[in-house]
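Have the structure open as you read.

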Amino acid sequence: MLISSQGRGEGDNVTELTVNPWRRAGKDRLYVNLAGTRGQEVAWLDCPTGVVTITDAAHESAALHRIRDWCRTCGRPIPPLTVVHKLSPTSTATPPQVPPRPTSPPTVLPALPLLTVDDDLASNRPGEGVRGMIKADESKRKWLVRVAAKLSGDDLTRSELSKGLHGEQLVGGLLDQLRAYGWYVLHAVPLPSGADIDHVVIGPPGVFTVNTKHHPNATVWVGDKRLTVNRNSYPYIEKSLLEGSRTAELLRRWCGLAVPVHPVIAVVGTRTLTHSGSPGVDVVDGSRIADTLGSRPPILEPHRAAALFDIARRRSVWSQFGHRSG
C-alpha cells in the first residue's frame with residue numbers, strides 16, 4: 001500500500017511511505033517503510049499489543065500518522081498505541097540528552113574494632129546478665145547467712161531473677177541447636193543502659209532479637225498494642241519493638257545495608273497463649289522457638305549472615321546502641 005505524505009502538513013523530507021501488513025509464525029505486524037526499491041524501515045506496529053517501534057526518528061511523525069490511518073480503516077480492533085524507540089545505526093536523529101543524576105557521596109563505614117577475648121560476645125552463656133545480677137544480690141548478704149543457706153539448701157536468689165534465668169537458659173539452649181544449620185546465636189548482649197538483649201539470632205531468615213519471659217502456669221493474651229499476663233499488662237511489646245528497631249539501625253550503621261530485624265517475645269511455662277491481634281512483634285511459645293524461627297523463608301545469603309555476625313559479636317559495637325547516626 002503506497003501512501004503519499006503530500007498535503008498532510010507533516011513537514012517530512014520524504015514524500016512517500018509504504019504501509020505493509022505482515023503475518024507469519026504467529027506474529028501480526030504492520031511495517032512502515034520509505035518508498036523506493038530499498039524501502040528502508042521507518043517503524044512497525046505489533047497489532048495484538050499496539051506497541052509501535054520507531055526505527056528512524058527522522059520520520060516518526062509521518063509514520064505514526066500512517067499507522068493511525070491504517071488502524072482506523074483496517075476493520076479490526078487495535079489496542080491504544082504505545083511508542084518505543086529502537087533507532088537503526090543509520091539514523092541521523094540526535095538522541096535525547098538525559099541530565100546526569102546527582103550522585104551522593106559514598107557511605108564511609110566505620111572500621112570494626114579489633115576482636116579481643118573480652119570484646120567477643122560469642123562465648124556468653126544464656127542468662128549471663130541475670131547470672132551477674134544474682135551474684136551481685138548474693139554478695140550483699142552477710143557471709144554467715146550465705147553459709148547457712150548453702151548448708152540447708154535454701155535458695156537466697158530472688159524468685160523473679162531465678163525464673164528469668166531458667167527461662168533464658170531454656171530458650172537459649174533451644175536456639176543453640178540452630179547453629180548446626182548455619183545460624184549464629186548470641187546471648188546476653190549488653191546495652192549501654194545496663195540491660196541486655198536476651199538473645200540475638202542471625203540466620204537465613206534475617207536477624208532476630210529475642211526477649212524471653214518466664215511466666216509459669218500463666219494465661220498470656222496478645223493484642224494489637226499490649227500483652228497481658230493473668231490480665232495484668234506488661235510493656236513487653238514496646239520494649240521488643242524498640243530493641244528491634246535500634247538493632248536494625250545499629251547494624252545498618254556498621255554494614256551500610258538495610259538489615260531485616262524481627263523482634264520476638266518467647267514466653268516460657270505458660271498455661272495458655274492467646275493471640276487476638278498483630279502487635280508487630282512475634283510472641284511465640286518459647287519451647288518451640290527453634291522450629292518457629294527455622295520455618296521462616298530465607299532472605300539472607302550465607303556470606304551476609306556471617307558478615308552480620310562478625311559485627312554483632314563485638315561488645316564495643318553494642319556500646320553505640322540507641323545512639324543517633326550522623
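A salt bridge here is a side-chain nitrogen of Lys or Arg within 4 Å of a carboxyl oxygen of Asp or Glu. Keep in mind that you're looking at a predicted model. Go through it with that rule and you end up with nine salt bridges.

Start with Arg72 and Asp69, a pair whose closest N and O atoms sit 2.2 Å apart. That is within the 4 Å cut-off, so the pair counts as a salt bridge. Both belong to helix H1 (residues 60-73), where a spacing of three residues puts about one helical turn between them.

Now, which side chain does Arg313 meet in a salt bridge? The partner is Asp120, at 2.8 Å from N to O. Arg313 comes from the loop between helix H7 (302-312) and helix H8 (315-318), and Asp120 from the loop between strand E6 (82-85) and helix H2 (128-139), so this contact ties together parts that are 193 residues apart in sequence.

Next, have a look at Asp176 and Arg179, whose side chains form a salt bridge at 3.1 Å, N to O. Asp176 is partly exposed, with 24% relative accessibility, and Arg179 is partly exposed too, with a relative accessible area of 38%.

Finish at Glu249, Arg252 and Arg253, where salt bridges link the residues into a network.

How values were computed
Residues numbered from 1 in each chain as written. Predicted model: local features only at pLDDT ≥ 70, side-chain atom pairs only at ≥ 80, totals over all residues. Heavy atoms only, no water. Helix = DSSP H or I, 4+ residues; strand = E, 2+ residues; numbered from the N terminus. Buried < 20%, exposed > 50% of the residue type's maximum accessible area, 1.4 Å probe, protein only.
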